[in-house]
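I opened a new notebook page for this structure. My plan is to look up a few residues and write down what I find.

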Amino acid sequence: MELETFRLLKRVIQLTCVVFSLFVNSILIYLIIKKSPINMGTYRHLMIYFCCVSIVFSLLDIIVQPVAKLEIIESKL
C-alpha cells in the first residue's frame, strides 16, 4: 500500500470514528439527563463526565493528527 493511500485511509477512519463518537456520546448524554432515575445520584454525573471527555479526546485526535514514528537506533557494541 502506498503511503498516500495509507494516509487517506487513516484520515477517513479517523473522521468516521469522530462522527460516530460525537453521535453516540451525545445520545448517551441526552439519555442520562432525561431518562435515568434520580436515585442514581452522582453516578449520573460521572457518566456524563466520561461522555464529555470522550468527545473532547475524539475532537483532539482529529485536530492534532497524532502520527506514530519509529526510529531505529543501532547501538555499536
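The model I am reading is predicted. I looked up F23 and found 52% relative accessibility, so I list F23 as exposed, the cut-off for that word being over 50%. I place F23 in helix α1.

Which residues form a nonpolar patch on the surface? I noted F20, F23, V24, I27, Y30 and L31. Together they have about 590 Å² of accessible area.

Is S36 buried or exposed? I list S36 as buried because its relative accessibility is 14%, and buried means under 20%. Leaving aside neighbours within four places in sequence, I found S36 in contact with L31 and R44. With R44 there is also a polar contact: the two side chains are joined at 2.9 Å. L31, the other partner of S36, is one of the residues I had noted in the nonpolar patch.

How many disulfides does the structure hold? I counted zero. C51 is in no disulfide, and its nearest cysteine sulfur, on C52, is 6.8 Å away; a disulfide needs the two sulfur atoms within 2.5 Å. I then checked accessibility. C51 has 4% relative accessibility and therefore counts as buried. C17 has 47%, so I list C17 as partly exposed.

Key:
Residues are numbered from 1 along each chain as its sequence is written. This is a predicted model: local features need pLDDT of at least 70, side-chain atom pairs count only at pLDDT 80 or more; totals for chains, interfaces and linings use all residues. Side-chain values use heavy atoms; hydrogens and water are left out. Buried means under 20% relative accessible area, exposed over 50%, partly exposed in between (1.4 Å probe, protein chains only). A polar contact is a pair of N or O atoms within 3.5 Å; within protein, one must be able to donate a hydrogen and the other to accept it, and residues adjacent in sequence count only if both atoms are side-chain atoms. Contact means heavy atoms within 4.5 Å. Patches are made of residues with over 30% relative accessible area and no salt bridge: like charges are joined within 9 Å, nonpolar side chains (Val, Leu, Ile, Met, Phe, Trp, Tyr) within 5 Å. Accessible areas come from the Shrake-Rupley method with a 1.4 Å probe; for residues, only the protein chains shown count as cover. A salt bridge is a side-chain nitrogen of Lys or Arg within 4 Å of a carboxyl oxygen of Asp or Glu. Helices (H or I, at least four residues) and strands (E, at least two) are DSSP runs, numbered from the N terminus.
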